[in-house]
Amino acid sequence: MKPSSSSAAPAPTAPGGPAEGALSSRAGLFNGIAAYSMWGLVPLFWPLLMPSGAGEILAHRMVWSLVVVGVVLLVLRRWSWAGELIRQPKRLALVTVAAAVITVNWGLYIWSVNNNHVVEASLGYFINPLVTIAMGVLLLKERLRPAQWAAVGTGLAAVLVLAFGYGQPPWISLVLAFSFATYGLVKKKVNLGGVESLAAETAIQFLPALGFLLWLGARGESTFDTEGGGHAVLLALTGVVTAVPLVCFGAAAIRVPLSTLGLLQYLAPVFQFALGVVYFKEAMPPERWAGFGLVWLALTLLTWDALRTARTNRARAAELAAQLPQAQAQAPATAPLAASASASVEEAPGPEIVAAAEDPAPRP
């Protein structure tokens, strides 16, 4: 999903003027908070689906998500992208990879929540920005600023401390973080909107998921028709739980700056962590607090550096804009170059924020 390319302008001002534009920004902020809050509170939902196993829940989520996003796209009349995607085999292959990776992410998250690993799962989404940056360096040869290097190093130290605390590497957190980061990387190459992307991925997931559910039913192991109507409704609601936060995010992405969305992204793992400690009563010995403290320090460094860089870029853009009329008067032929330079200076806050805010995966 591609929101505004500039982090300085929250959204196009509505025709009604500044007041209506401010109302649009508030609506965008509300939708952003709603989206990340729902993603953060979803651990309360998955236990309601027991005694269904993680595999059955995952399959129902795939099937019913396609139904829900299909209805949304039908209402919005947004189908032209599907034909274009089918005619591009390489792009379709990337969507298939994305569907496979998010299947791993979804399935592991559901299993984690229903097996008392909510805190460890939340850690995966805390360290996801760090993993995204590391993948940018290793795979895309991106260059980091000193503060970003410090954040990545602090994150690595946190993983080592947590490995000591758990007695083994925090595999759940690492798999969730790397699968989510890989998914984001693939999605940036596919370049589809959030709802369209979810529709394409769940269309690929649909037949295997439906086949698995039919196989469970044939073995007499399906809970959809054996645990009562209420349970069947809850399983069907997995599609709504998947799609509604994404729709809210889409409404926020066109109305608020990327920097705001980048900060809101931390609501989800914060809520997950709080639920794990307070509601699910999961253990937090001192070494785990130390590890999480290092992760939060790394995220603080990233956020500070991203916001500082955004302010610097906005100041440089304003300076170039102020010089532009004089440059046009002196050398009209160079004006397009000056305008291009001004546009290129005002860039997004930074990879750690844009990676999560610009094109999010369907969250757990």
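Beyond its neighbours within four places in sequence, tryptophan 81 is in contact (heavy atoms within 4.5 Å) with Leu73, Leu192, Glu196, Ala199 and Ala200. The model is predicted, with local features requiring pLDDT of at least 70 and side-chain atom pairs pLDDT 80 or more, whereas totals for chains, interfaces and linings use all residues. Residues are numbered from 1 along each chain as its sequence is written, and side-chain values use heavy atoms, without hydrogens and water.

Trp81 is also among the residues with the most contacts inside the largest nonpolar core, which has 51 residues. Such a core is a set of buried Ala, Val, Leu, Ile, Met, Phe, Trp, Tyr and Cys residues joined through side-chain atoms within 4.5 Å; buried denotes under 20% relative accessible area, exposed over 50%, and partly exposed in between (1.4 Å probe, protein chains only).

Glutamate 196 forms a salt bridge with arginine 78, with the closest N and O atoms 2.6 Å apart. A salt bridge places a side-chain nitrogen of Lys or Arg within 4 Å of a carboxyl oxygen of Asp or Glu. Glutamate 196 is buried, at 9% relative accessible area, while arginine 78 is partly exposed at 34%.

A further salt bridge joins aspartate 305 and arginine 308, the closest N and O atoms being 2.9 Å apart. Both residues lie in helix H14 (residues 286–330), three residues apart; helices are DSSP runs (H or I, at least four residues), and strands (E, at least two) likewise, numbered from the N terminus. Aspartate 305 is buried at 0% relative accessibility, and arginine 308 is partly exposed at 35%. Salt bridges with shared partners connect Arg145, Asp305 and Arg308 in one network.
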